[in-house]
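Trainee: I am new to this structure. Can you take me through the terms used for it?

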Amino acid sequence: MEPSLLCPDCKRLEREYQLTIAEIYSVVGGRFKSVREKLHQLFRWQDVRDEAVEAFYEHKKTHARRASGLRRVA
Ligand SMILES: [Zn+2]
């Protein structure tokens with residue numbers, strides 16, 4: 001058994017996801033001219049994060065064939 005199922009693409013996609021999380025935290029903790037501006041940035045990064053999660057999840061499916069025991073997430 002391989003110790004890790006993470007291929008280079010997994011690592012890249014995971015890093016992208018973590019970067020968006022870091023951006024979200026920086027927006028949450030940051031100062032903006034207005035609440036509206038802050039929310040605008042927050043929603044923008046949340047969209048980027050959702051796309052990153054989706055891409056990562058879709059990519060992981062390509063590993064599912066050789067990884068038995070993984071549960072399907074609803
Ligand atoms: Zn992969």
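Mentor: Start with contacts. Among contacts between residues at least 6 apart in sequence, 64% join residues at least 24 apart. Two residues are in contact if their C-beta atoms, placed from the backbone, lie within 7 Å. This is a predicted model: local features need pLDDT of at least 70, side-chain atom pairs count only at pLDDT 80 or more, and totals for chains, interfaces and linings use all residues. Residues are numbered from 1 along each chain as its sequence is written.

Trainee: How many helices and strands are there in the protein?

Mentor: The protein has 2 helices and 0 strands. Both terms come from DSSP runs, numbered from the N terminus: helices are H or I with at least four residues, strands are E with at least two.

Trainee: What is the angle between helix α1 and helix α2?

Mentor: About 165°, with the axes 9 Å apart. Helix α1 covers residues 8-29 and helix α2 residues 35-64. So α1 is roughly antiparallel to α2. The cut-offs: under 35 degrees is roughly parallel, over 145 roughly antiparallel, 65 to 115 roughly perpendicular, the rest oblique. The contact of α1 with α2 has 14 nonpolar, 4 polar and 7 charged residues.

Trainee: Why does V53 count as partly exposed?

Mentor: A residue is buried if 20 or more other C-beta atoms lie within 10 Å of its own, exposed if 12 or fewer, and partly exposed in between; C-beta atoms are placed from the backbone. V53 has 15 C-beta neighbours inside 10 Å, so V53 counts as partly exposed. V53 is found in helix α2. From V53 to E14 is 39 residues in sequence, but 8.2 Å in space, C-alpha to C-alpha.

Trainee: What makes D50 count as exposed?

Mentor: D50 has 12 C-beta neighbours inside 10 Å, so D50 counts as exposed. D50 also lies in helix α2. D50 and T20 are 30 residues apart in sequence and 9.2 Å apart in space, C-alpha to C-alpha.

Trainee: And A55: why is A55 called partly exposed?

Mentor: Because A55 has 15 other C-beta atoms within 10 Å. A55 sits in helix α2.

Trainee: How much of the protein counts as buried?

Mentor: Of its 74 residues, 4% count as buried.

Key:
Axes are lines fitted to C-alpha atoms, for helices over the stretch in contact, and angles run from 0 to 180 degrees between N-to-C directions. Ala, Val, Leu, Ile, Met, Phe, Trp, Tyr, Cys and Pro count as nonpolar, Asp, Glu, Lys and Arg as charged, and the others, Gly among them, as polar.
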